[in-house]
Amino acid sequence: MSTSSPPGRVFDVDAVRGFALFGIFAVNVTFMASGYPGNLVTDPDFGSGLDDAVRALSSVFVDMKFYVLFSFLFGYSFTLQMAAARRAGAAFPARMLRRIGGLFLLGALHTVFLYGGDVLTTYAVACLALLLLRRVTDRTAIRIAVALYALVLLSLIAGALFVDRSAFLPSEAEALANGETATQALLGGWGANIGEHLAGLPLLVLQAVTLQGPTALGLFLLGMVAGRRQWLTGVTGREPVLRRIQWVGFPVGLLGSIVYAANGGNGNSLGVAASVATAPLLAAAYVATLLRIMHHPRTAFVRSALAPAGRMSLTNYLGQSVAGLIAFTGIGFGLAGTFSPLALFAFVLAVFAVQLAASAWWLRGFRYGPVEWALRWLTNARRPAFRHQPADRPGEAVAPPLAVPEAARLQDTSG
């Protein structure tokens, strides 16, 4: 293979995806570890000043930001899937429909058996719309994305101003009781946990239809435009636009996040609207900062550390749910309700560190993560090679830390 193609192209996409994976876990784990957050109340056992400070920091810097980033990258990778289909001479719609079906099946199984807050099913349905819109111009894609975002924001604002939420939401005492019941369900076995996941399906579907689905599709479209224009190709970290994104994204994005946190997070529609409106700017500032860090000589190791986890993002996403299931439910160690917010963040750091190391180790011997390999098999309707072949080895000179053949990377970086 040629070593002239820009090595930063795929590594940057994968590294940013790995970074997003960490943020998504930091959000999801709060619902895996306790039944209170899902009922929009705070666990009364963890109400100290330190606990409140950690939750506030999470609301400002983490909550609702990484879903945005992951959705954008999904749309970006969609263009790589289209390019892979063209190179293989495959019919893209049929290929993508098989992939969408696989994602939906994985999401359904994930929801039932591992974690009731799955996003893969929402992504699969939104991707059907993206498939239909794949030939629209960049301008049309941006207009549709803006319209979807505006629709979500208007519905949130209208709900806050004209709908009496107290008529639909339980009182604080009822919410606390529901949180305790949900926590006890987590401490049960398979039956209790599956029952709790299934009981949450109506809310999951409502969220997907009113908030997550439309915003995901909007971000898919923006990611598709970015992928067409190869915005993450050949980045050096010295581009002036990266600093401009930081100068705009951080102040505006953090202001929206502070409004979101100050108004109680997900329990307040106006706060959620502020976060939805500004989270893309903060996520963009995160990416700009990460790109500058990854391309600085002293911190280039960050890219090599994150990229393997990003290449195996689907395996790692499901693996995070397995870790939560084992740690917190009665199926495993039964630690639900025992972790403070700070201890929970430490748990996230520990699990993600293991995933970084395991992903790098795995990709030294295998082309894809195990779930990515199975999904690729379904997508292409033929079994792909799993282990590296001897002919792959010359490609190691391009990026020794990953030891992944570029030919394989360029076929599909979306997992």
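Let's start in the middle of things: the largest nonpolar core has 90 residues, and F78, L221 and F328 touch the most other members. A nonpolar core here is a set of buried Ala, Val, Leu, Ile, Met, Phe, Trp, Tyr and Cys residues joined through side-chain atoms within 4.5 Å. Buried stands for under 20% relative accessible area, exposed for over 50%, and partly exposed for what lies in between, with a 1.4 Å probe and protein chains only. The biggest contribution to this core, 14 residues, comes from helix α1 (residues 8–33).

Before going further, please keep in mind that this is a predicted model, in which local features need pLDDT of at least 70 and side-chain atom pairs count only at pLDDT 80 or more, while totals for chains, interfaces and linings use all residues. Residues are numbered from 1 along each chain as its sequence is written, and side-chain values use heavy atoms, with hydrogens and water left out.

Now for the overall picture. The chain has 16 helices and zero strands; both are DSSP runs numbered from the N terminus, helices being H or I with at least four residues and strands E with at least two. Of its 415 residues, 50% count as buried. Contact means heavy atoms within 4.5 Å, and among contacts between residues at least 6 apart in sequence, 80% join residues at least 24 apart.

Setting aside neighbours within four places in sequence, F78 is in contact with F92, M96, C127, L130, L131, R134 and M224. Beyond residues up to four places away in sequence, L131 touches F78, F92, P93, M96, L97 and I100. For contrast, look at L109 in helix α4 (residues 92–113), which counts as partly exposed at 42% relative accessibility. L109 and T121 are 12 residues apart in sequence, with 9.7 Å from C-alpha to C-alpha.

Next come the helix pairs. Their axes are lines fitted to C-alpha atoms, for helices over the stretch in contact, and angles run from 0 to 180 degrees between N-to-C directions. The axes of α3 and α11 come within 8 Å and cross at roughly 70 degrees, and these two helices are therefore roughly perpendicular. Angles under 35 degrees count as roughly parallel, over 145 as roughly antiparallel, 65 to 115 as roughly perpendicular and the rest as oblique. F66, V68 and L69 of α3 meet A279, P280, A283, Y286 and V287 of α11. By class, this contact has eight nonpolar, no polar and no charged residues. The classes are nonpolar for Ala, Val, Leu, Ile, Met, Phe, Trp, Tyr, Cys and Pro, charged for Asp, Glu, Lys and Arg, and polar for the others, Gly among them.

Helix α11 (residues 269–294) also meets helix α12 (residues 301–311), with axes that come within 7 Å and cross at roughly 120 degrees. That pair is therefore oblique. L290, I293 and M294 of α11 make the contact with V302, R303 and L306 of α12, a set that divides into five nonpolar, no polar and one charged. Elsewhere in α11 you will find S275, which is buried at 0% relative accessible area. Not counting residues up to four places away in sequence, S275 touches D63, M64, K65, G256 and Y260.

Rings of Phe, Tyr and Trp (its six-membered ring) pair if their centres lie within 6.5 Å, and planes under 30 degrees apart count as stacked, over 60 as edge-to-face and the rest as tilted. The count comes to 22 aromatic pairs. F19 and F66 are edge-to-face, 5.2 Å centre to centre with 65 degrees between the planes. F19 lies in helix α1 and F66 in helix α3 (residues 66–88), so this pair ties together parts that are 47 residues apart in sequence. F66 is buried, at 5% relative accessibility.

The rings of Y123 and F220 are also edge-to-face, with centres 5.2 Å apart and planes at 85 degrees. Y123 belongs to helix α5 (residues 120–132) and F220 to helix α9 (residues 201–228), so the pair links parts 97 residues apart in sequence. Y123 is buried at 2% relative accessible area, and F220 is buried at 0%. Finally, W361, W362, F366, W373, W377 and F386 form one aromatic cluster.
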